[in-house]
Amino acid sequence: MTTLFSRSPRLALFSGAVLATAAGTYYSTRQPRIRLDSAQNAARPALSFPSSMLFPKQLTVTKVEQVNHDTKKITFRLPGGDGEVSGVPFGSAILTSHSPKNGWLPVFRPYTPISAPDERGLLQLLVKQYPNGRASTYLHSLTPGSTLTVRGPIPAYSYSSSPNPTDLVMIAGGAGITPIYSMTRGILSDPADKTRITLLWGVNGTRDIVLKDELETLEKQFPERLQVTYCVSGPEGKPEAADLSSMGRYKKGYINSEVLKEAIARAKAGGSWGDSKGTKVFICGPPAMQDAIAGKKGILGGEYGLVKKEVHIF
């Protein structure tokens, strides 16, 4: 669906991965482990662009946690163990693949890790299972000891930290929280970065706030730099429903003009809205939500005059 704002180049990369696989390009290596007690104990990246797009890696499942009714957190061991980090920059994704039974072609899907890029030995994915979703259903079938073929990282937004106070607005819808969370944590974890973030997350119900603990931890660590608001649009968010636990944190309904007005006012009040590239808003969510907020007739362009370069869509 065409929008006012630019899409990332992931589709072309997916096509490249498919062609590479169809051509039989498959290569696996295992480099010697680095002793953590050695003088040279710097961790290597397990994934690096472009080599890991052509030559996939095998990750091994070590833990599977049921987060809610349709979402699992899956922890994978990197091929080089504690001698490696994922190497996936914050906000970026990896490309998973599997060959379905009786299928001619592999199934590719991008997922943004929720683990930190510099976390040794592991990579974590948060996976929501969709009805008839081939990739998500396969990932939900994995158990400890299973392996998953991955490529990447897929290049995403190239962010530069700000030594001066500035503000950004992050908007997520449903499972679109993963790149938003990854980027938010990456920005906040840099002590030299003075960027403040207003994060809006639209969910169907409170049980869908699958990164609530992680976001609350970040808010406690960075109370002056992060403010999160949850917009609940399902039965709990109907006008006649009982009040939610904290109306300062929860709002009923979708991420609409009124919610965006508050977030943008807060960003503008800081004195400097936007990063070094001029990007003011980052958004990831279902196409209908993205179109309503960032489409040709969306709220950001129609009511606030934001132009293409000021909004990044994951």
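Tutor: Let us begin with Pro50, which in this predicted model sits in the loop between strand S1 (44-45) and helix H2 (51-54).

Student: What kind of peptide bond joins Phe49 and Pro50?

Tutor: The bond between Phe49 and Pro50 is a cis peptide bond, and its omega is about 5°.

Student: Where is Pro153 placed, and which bond joins Gly152 to Pro153?

Tutor: Pro153 belongs to strand S8 (residues 147-154), and the bond that joins Gly152 and Pro153 is a cis peptide bond with an omega of about 0°.

Student: Let us turn to Asn132; what is its phi, and is the residue buried or exposed?

Tutor: Asn132 is not a glycine, and yet its phi is positive, at about 65°. This residue is found in the loop between strand S7 (122-128) and helix H3 (134-140). Asn132 counts as exposed because its relative accessible area is 77%, and exposed means over 50%.

Student: Which residues line the largest cavity, and what classes do they belong to?

Tutor: Among the lining residues are Val88, Pro89, Phe90 and Pro113, and also Ser86, Ser92 and Ser182. By class, the lining of this largest cavity has six nonpolar and four polar residues, with no charged residues.

Note on methods:
Residues are numbered from 1 along each chain as its sequence is written. This is a predicted model: local features need pLDDT of at least 70, side-chain atom pairs count only at pLDDT 80 or more; totals for chains, interfaces and linings use all residues. Side-chain values use heavy atoms; hydrogens and water are left out. On a 1 Å grid over the protein atoms alone, a cavity is a set of points where a 1.4 Å probe fits but cannot get out, and a pocket is an open set with protein on both sides within 12 Å along at least five of seven lines; lining residues have an atom within 4 Å of a point. Ala, Val, Leu, Ile, Met, Phe, Trp, Tyr, Cys and Pro count as nonpolar, Asp, Glu, Lys and Arg as charged, and the others, Gly among them, as polar. Helices (H or I, at least four residues) and strands (E, at least two) are DSSP runs, numbered from the N terminus. Buried means under 20% relative accessible area, exposed over 50%, partly exposed in between (1.4 Å probe, protein chains only).
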